[in-house]
Amino acid sequence: MIKLAKELKLMDNYNSCLAIISGLNMASVSRLRQTWAAIDPHRLKQMQQIEQFFTPTQNYKTYRNYVANLPAGSYIPILSIILKDIYFLTDANQKTPSVGRSLVKAIRNSGVLPRFSVNTMSTSVIQSTYAL
């Protein structure tokens with residue numbers, strides 16, 4: 001699984017990579033002492049490097065700085081971070097009369113949603129999901 005996470009990171013599929021690393025860090029998996037002892041130390045070091053890349057400190061600063069330099073549409077971002085950003089943007093802009101399409105355009109222009117276009121993003125889904 002560590003090798004798969006490494007390959008996903010190399011393919012710029014950050015959402016799946018983080019899902020695998022998070023699964024490996026679950027309490028029920030981390031308690032498997034004998035299994036972890038049998039893993040090659042080189043693989044464990046790779047896992048630690050991936051964990052450092054996805055560290056949530058300073059609002060995922062390491063990850064955000066890295067993907068900020070990638071061309072738009074060339075990677076699969078972490079969906080939970082995007083949803084969190086959308087939530088806080090909508091929460092901060094509650095007084096805006098027409099949130100819908102203009103909010104999605106603002107998010108896209110800010111670089112939060114580099115892979116998605118306004119035409120493929122359903123504003124009604126965002127509004128119903130976050131009760132704008």
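Trainee: Which residue lies over the face of Phe-53?

Mentor: Keep in mind that this is a predicted model. A charge counts as sitting over a ring if NZ of Lys is within 6 Å of the ring centre and within 35 degrees of the ring normal. Over the face of Phe-53, at 4.3 Å from the ring centre, we find Lys-9.

Trainee: And over the ring of which residue does the charged end of Lys-9 sit, 5.9 Å from its centre?

Mentor: The cut-off for the distance to the ring centre is 6 Å, and the value here is 5.9 Å. The ring in question belongs to Tyr-66.

Trainee: How many aromatic pairs are there?

Mentor: Rings pair if their centres lie within 6.5 Å. By this rule, the count is nine.

Trainee: Is the pair of Phe-53 and Tyr-63 stacked or edge-to-face?

Mentor: Good one to work through! The ring centres of Phe-53 and Tyr-63 are 6.1 Å apart, with 85° between the planes. Planes over 60 degrees apart count as edge-to-face. So with 85° the pair of Phe-53 and Tyr-63 is edge-to-face.

Trainee: Which helices does that pair link?

Mentor: Phe-53 and Tyr-63 are ten residues apart, and their pair links distant parts of the chain. Phe-53 belongs to one helix and Tyr-63 to another, residues 57-68. The two are helix H5 and helix H6.

Trainee: Is Phe-53 buried or exposed?

Mentor: Buried means under 20% relative accessible area. Phe-53 has 8% relative accessibility, so Phe-53 counts as buried.

Trainee: What is the angle between the planes of Phe-53 and Tyr-66?

Mentor: These two rings also form an aromatic pair, 5.4 Å centre to centre. Their pair is edge-to-face, and the angle between the planes is 80°.

Trainee: What is the relative accessible area of Tyr-66?

Mentor: Tyr-66 is partly exposed, a label for values between the 20% and 50% cut-offs. The relative accessible area of Tyr-66 is 39%.

Trainee: Which residues of helix H1 are buried, and why do they line one face of the helix?

Mentor: Helix H1 covers residues 2-10. Seen down the axis of H1, the buried residues fall within an arc of 120°, so they line one face of the helix. They pack against helices H2, H4 and H5. The buried residues are Ile-2, Ala-5 and Leu-8.

Terms used:
Residues numbered from 1 in each chain as written. Predicted model: local features only at pLDDT ≥ 70, side-chain atom pairs only at ≥ 80, totals over all residues. Heavy atoms only, no water. Buried < 20%, exposed > 50% of the residue type's maximum accessible area, 1.4 Å probe, protein only. Helix = DSSP H or I, 4+ residues; strand = E, 2+ residues; numbered from the N terminus. Arc of directions from axis to C-beta. Contact = heavy atoms within 4.5 Å. Phe/Tyr/Trp six-rings, centres within 6.5 Å; stacked < 30°, edge-to-face > 60°.
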